[in-house]
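Here are my notes on this one, as numbered points.

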Amino acid sequence: MTQSRWSGTKDLTPAQRREGLVERTGLDAADLTALDPADGLSVDAADVLIENVIGVMGVPVGLATNVIVDGEGVLVPMATEEPSVVAAASNAARWAHGAGGFHTSSTGPVMQAQIQVVDVADPQAAKSRILERRDELIAAANEVDPILVKLGGGCLDIEPRLVDTAAGVHVVVHLVVDVRDAMGANAVNSMAERTSDLIAEIAGGTARLRILTNLADRRLVRARAVFPADALGGPEVVDRMLEAAAFAEADPYRAATHNKGIMNGISAVVLATGNDTRAVESGCHAYASTTGRYTSLSHFEKNADGDLEVTLEVPMPVGLVGGATRSNPVAQANVKIIGAESADRLARVITAVGLAQNAAAVRALATEGIQRGHMTLHARTVAVAAGAQGDEVTEVAARMVAQGTVRSDAAEEALAILRSERA
Ligand code: MEV
């Protein structure tokens with residue numbers, strides 16, 4: 001079992017962190033070679049993934065520590081360009097660690113495709129005719145992917161809806177599909193394209209769009225964590241965090257930023273594992289609006305012990321098979337580090353990291369603000385941009401933070417002074 005509690009990682013070199021990772025997870029050092037740019041995704045491999053390939057872009061991969069999901073420790077690779085994100089997720093996971101970490105549940109891997117049928121004379125009757133042929137339509141959809149059916153998945157149901165649009169009433173038929181360990185876009189899109197003619201014939205109309213919905217509200221994951229008041233800094237911090245969360249629930253302007261904080265965690269793990277960040281992003285934001293008003297995806301409460309209890313429920317359409325996860329060696333290495341044997345486990349880990357990220361951001365905002373922590377890391381980036389090299393980076397960054405000015409001109413000045421001191 002992975003030993004995820006790990007302090008002092010910020011003082012290690014990347015090579016030392018990898019050694020620690022191997023010790024803690026039992027992975028082979030060779031499993032991690034794909035994380036070296038030279039051994040990762042090659043241009044030739046990339047050329048098979050998308051069109052007109054001219055290169056490969058690197059994104060830093062950092063390791064979130066201290067995470068326990070459903071009783072099992074997990075070290076989580078996060079691909080992100082944003083400073084503070086990895087440290088913040090690890091800090092929040094540490095606050096929750098003593099109280100058991102993150103507890104999750106899920107609906108299972110159910111995706112839906114939509115078939116839009118237009119020019120239907122009798123939409124209500126068409127809906128009934130489609131339901132009368134439900135079993136035949138499910139069987140037709142399942143003919144498309146016998147392997148999925150053999151694995152225990154496949155089309156589960158057919159659900160016609162009437163959507164009143166500016167272009168008339170459309171009969172919109174949903175195929176409800178258990179996609180098992182895939183993200184599922186290919187499976188459900190193929191089923192929709194294959195069954196659409198029959199559906200249109202039954203409806204007495206013309207099939208137009210045939211595509212999955214990213215509002216994956218049948219593929220939900222819920223995560224919950226208790227953050228002891230002491231770990232957060234005391235009861236007053238809990239109260240301030242509750243006020244911050246209430247603000248996000250009430251105000252869409254704040255909710256958008258609050259949810260962005262959640263997505264900082266979610267998207268970083270989705271990207272690291274080769275999954276579709278846009279599918280998850282659009283699903284989460286659409287899910288945040290299902291009441292008709294955009295609101296926060298997470299909920300903060302004070303439990304009977306006076307501790308903070310946070311819950312998060314999000315659509316999480318991620319897979320382990322198909323897509324870039326299998327064809328990108330970096331994604332494969334990251335999945336191996338997480339140790340996810342099913343898409344469901346991966347989805348639960350991702351959701352837990354989203355919750356951790358959210359708790360960390362809200363705590364920072366409700367107390368000292370985010371700039372102090374953010375600036376320490378940001379200062380290093382600014383120092384590098386100003387030309388600092390080797391140990392100059394840390395020194396120039398420290399000088400800028402100490403004087404409270406993290407800017408390119410301040411970095412250039414600090415670098416010039418440092419170099420003259422050392423000359
Ligand atoms: C910054 O990337 C994310 C935050 O804005 C999230 C939030 O406001 O809750 C700090």
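1. A quick term first: two strands count as paired if DSSP finds at least two bridges between them, and strands (E, at least two residues) and helices (H or I, at least four) are DSSP runs numbered from the N terminus. With that in hand, look at Pro160, whose bridge partner in strand 6 is Val173. Strand 5 (residues 154–165) runs antiparallel to strand 6 (residues 168–178), with 11 bridges between the two. They make a hairpin, and 2 residues sit between the strands.

2. Some ground rules. This is a predicted model, where local features need pLDDT of at least 70 and side-chain atom pairs count only at pLDDT 80 or more, while totals for chains, interfaces and linings use all residues. Residues are numbered from 1 along each chain as its sequence is written, and side-chain values use heavy atoms, leaving out hydrogens and water.

3. Now the ligand. Which residues are around the ligand? They are Glu82, Arg254, Thr257, His258, Lys260, Gly261, Asn264, Ala361 and Leu365 (a residue is in if one of its heavy atoms lies within 4 Å of the ligand). Helix 10 (252–272) and helix 14 (343–366) each give at least two residues to this shell, and helix 10 has the largest share, with 6 residues. By class the shell has 2 nonpolar, 4 polar and 3 charged residues; Ala, Val, Leu, Ile, Met, Phe, Trp, Tyr, Cys and Pro count as nonpolar, Asp, Glu, Lys and Arg as charged, and the others, Gly among them, as polar.

4. A polar side-chain atom of Glu82 is 2.6 Å from a ligand oxygen. For Lys260, the distance from a side-chain N or O atom to a ligand oxygen is 2.7 Å, and for Arg254 a polar side-chain atom lies 2.8 Å from one. The protein covers 85% of the 300 Å² of accessible area that the ligand has on its own (Shrake-Rupley method, 1.4 Å probe).

5. On to the cavity. On a 1 Å grid over the protein atoms alone, a cavity is a set of points where a 1.4 Å probe fits but cannot get out, and lining residues have an atom within 4 Å of a point. Helix 14 has the largest share, 3 residues.

6. Last, the second largest pocket, at about 250 Å³. A pocket is an open set of points with protein on both sides within 12 Å along at least five of seven lines. Among the residues lining this pocket are Asp181, Arg326, Lys336 and Glu341. Helix 12 (323–327) and helix 13 (329–338) each give two or more residues to the lining, with helix 13 giving the most, 3 residues. The lining divides into 4 nonpolar, 3 polar and 4 charged residues.

Notes: Polar contact = N/O pair within 3.5 Å; in protein donor to acceptor, adjacent residues only side chain to side chain. Points joined across faces, edges and corners; volume = space filled by probe spheres on them.
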